[in-house]
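Subject: Structure for your review

Dear colleague,

Please find the structure below, followed by an account of what was found in it.

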Amino acid sequence: MADTAVQRETVLSLRETIARIENRRLPGVVRAAKAADPGGFRQREEEEPGRKVLSLGVPDLDDLLEGGLPLEGMTEIRNAETRDAGAAAGFAAALGVLCQRARLEKGEPVAPVLWISQSMASTEAGLPYGLGLKAFGLDVRGLVFSLPRTVKDALWIAEAALSVPSFCAVILEIRGNPAALALSESRRLHVRSRAGHVPLLLLRQSGHEEASSAFFRLLVEPAPARERPLPDGSMLRGSIGHPVFHVIAEKSRAPAPLGFLLEWNPHDRRLYPVEPLPAAAAADPEPAHSVARLSASSGRSGRAQALGELVAFPRAS
Amino acid sequence: MRLVALDGFAEKRGFHIGQGVAEARAMCPEIDVLPADPAADRALLAGLADWCCRYTPLVALDGDSGLFLDITGCAHLLGGEKALLDDLLARLFHLGVEARAAISSSAGLSWAVARFGSDDILAEDEAARALAPLPLAALRLPRETIETLGRVGLKQIGDILKAPRAPLARRFGATLLLRLDQALGREDEPLSPRLPVAALSVERRLGEPVQGEDDILGLAEELALRLKPELEKRGEGGRLFELLLFRVDGAVFRITAGTSSPLNDPRRVAGLFRERLQAVHEDLDAGFGFEILRLSVPKSEKYEVMQEDFSGTPDRERPLAAFADRVMARFGAESLMVPALSESHVPERAASFRPLTDLALIGKAEEPGNNIPAPLLAAAARPQRLFPSPEPVEAVAEVPEGPPRSFRWRRTLHRIARAEGPERIAGEWWLDGEPALERDYFRVEDDSGRRFWLFREGHYGASAPPRWFMHGVFA
């Protein structure tokens, strides 16, 4: 009998370890076993150990992310084209704001957000702009920005930052899919982030899907904004309201990529789910002279065009 | 082509400076003439000045052929003046440098004796005796003055030592007496050292030179440990540390590392140099090893002693400071930046980045631009990413002041679905000084939902057509 109890304990602890490695919720059996006290006393209800998440305030997205943004570990945010970099940077900044706010609500001392942007990324898509980020809801007094020259330097700074408990989030912005940030490097950053209890947001600008150690990979696309509301409840026609992102969970536990339309409200500093515009399809007919976005290649060995590289070609029309 | 410098052999053969090369060749066909390279000469002299830092931190350049070393209070460290001078000359001889030196109580006297005299160490009361037989050129006088003095038969310093001063000054100018007084020690002559002298420095002379990076760092930590009591006594922490490495063959390397907050912890000082050594790896050639290491603190600030509390919450400042120091030691002081807002209408001036100099300012800084009320910020939409220099676009817009209908940016056509604006921002003439063109900013959204910040510079109908620029992207 004692033998089976020991075996059972071993299996439960193994399942707990696996759950922790996979960043999942503890299985119900384990939770029940942990809650039960041999003395028959009810233990204090405590949070799941070993898993810290930040709820994004959008139930569907939180469910998909199993509670919210992982606060220990790497999350990848990518955009397909350089001109979408604004949307992806905005979404990353929104997550940074949420991290800042969560710390403030918990009564912890203010911790800065570190934004590491490889200089190529910022040259192509623009530097983060203090006034704009302030209007976006970010406390720019708690923002530290770094502009390293190479990807290697950026990785070094990110690794150094993840090993000190001083930042509430680290945003690492990389352009494309450099060889210097392959699977093993991303694994290393991920492990650092888990050990240092600092969330790492890998912002991959105009890169394609790549295997990485991140828990989740979110593709951020721009989406048309809603109109500005007027005091009487109607909408101001033709105006551009709060930013809206189309966030697609490319890598998650969901069987298929799921998309969400999220609106960031800088005043409330939170994300709201929004419905797709009903008139969008009707009001957006096919262009009169429809052409392929890319002319078919001719006269050279045809190669499938990789995703995310459709950037700067002139239109054929 | 004329001769500008001679070696000992050439001097013996009777050549003189300023002689034509052709004439010299005619006198002695086998001479070797090298083209002068003043830049290399200066570099050599600067290198020697660095090397002389082993004797005293006060080293001043004298023209392009000499060095002044102020050894006040340093001689006893090396076993007295005689030992110092012998050591200096012997080492320079082994480096292949022909040098003459003299020690005396005034810079002018040392200069004269080293170049024209035979003594090497002069006591304070021997100045007149040593100077008397020397030629007047030993007084650092202009050539015309020496020639004028020569014409009236005054060739040696002894000739003017006893002469009445007033007629000399009247006839040959004040410089003559000034130089004479400086040489005799009656007039003070300040030396301007090449480099500022650090407030604190400790050094270690090694019997056996070290080459390995770990050895250097270990010694640096040991030096920092010796530095700590001194810093504590002053209640200060270093903001800038300098490690001098004297290589056995005479090369001297200076490695400086700044910190983001006053620091006196030896391990962290050594950690700073670990990153610096990584950064300067290619430039630092250990060669046959380093024989002297010196750690100095050129810049220090008041150090706030903090007591650990019992709550157990880790102090936020210290790990952050350690991180900032590591990054800045490796990638330079500009590698970490914080946003700086300023009260300006021009978007690129209103917000910029400045280097992170003081960690205490994070989260607390009250910038002038931070006082902008929130409603104003909300009303004036600003992009989340701004291009440092606006990129020109081709736009089709309503004439005269309407928003653009479509534009081509980076060779891609964007059709505009909605637009807000214009927001007119005029140039800041009080800064730019020239009539800068007004900009009309539009916030536009294209048909796939991307939001951009475009502006038109100039007006339709003006003499020059207006130009459109892309200045930023919104989230």
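**The interface between the chains**

In this model, 67 residues of chain A are in contact with 56 residues of chain B, contact meaning heavy atoms within 4.5 Å. The model is a predicted one, in which local features need pLDDT of at least 70 and side-chain atom pairs count only at pLDDT 80 or more, while totals for chains, interfaces and linings use all residues. Residues are numbered from 1 along each chain as its sequence is written, chains are lettered from A and ligands numbered from 1 in the order in which they are written, and side-chain values use heavy atoms, with hydrogens and water left out.

Between them, chain A and chain B bury about 5300 Å², of which 61% is on carbon and sulfur atoms; buried area is the accessible area (1.4 Å probe) that two parts lose on being put together, summed over both. The rule finds 20 residue pairs in polar contact across this interface, both residues being at pLDDT 80 or more. A polar contact is a pair of N or O atoms within 3.5 Å; within protein, one must be able to donate a hydrogen and the other to accept it, and residues adjacent in sequence count only if both atoms are side-chain atoms.

On the side of chain A that touches chain B, the largest share, seven residues, comes from helix α6 (residues 130–136) of chain A. Helices (H or I, at least four residues) and strands (E, at least two) are DSSP runs, numbered from the N terminus.

**Salt bridges**

Five salt bridges are found across the interface of chain A and chain B, a salt bridge being a side-chain nitrogen of Lys or Arg within 4 Å of a carboxyl oxygen of Asp or Glu. Glu173(A) pairs in this way with Arg385(B), with the closest N and O atoms 2.7 Å apart. Over all chains, the count comes to 57 salt bridges. Another is formed by the side chains of Glu420(B) and Arg228(A), at 2.9 Å from N to O. This pair crosses between chains, from strand β11 (residues 412–425) of chain B to strand β10 (residues 228–229) of chain A.

**A sheet with strands from both chains**

An open sheet of 11 strands, with mixed pairing, has the order β14(A)-β13(A)-β12(A)-β9(A)-β3(A)-β8(A)-β7(A)-β4(A)-β6(A)-β7(B)-β8(B). Two strands pair if DSSP finds at least two bridges between them. At the edges stand β14 (270–273) of chain A and β8 (351–355) of chain B, each with a single partner strand, so one side of each has no neighbour in the sheet.

Strand β6 (residues 143–146) of chain A and strand β7 (residues 336–341) of chain B run antiparallel and are joined by two bridges. Here Phe145(A) stands opposite Met337(B). Helix α7 (residues 151–162) of chain A packs on the sheet, where β4 (113–117), β6, β7 (169–175) and β8 (199–205) of chain A are touched, and its direction makes about 170° with that of β7(A). Axes are lines fitted to C-alpha atoms, for helices over the stretch in contact, and angles run from 0 to 180 degrees between N-to-C directions.

**A sheet within chain B**

Chain B also has an open sheet of four strands in the order β3-β6-β4-β5, with antiparallel pairing. Eight bridges join strand β4 (residues 236–247) of chain B to β5(B), and Glu242(B) stands opposite Thr256(B).

Yours sincerely
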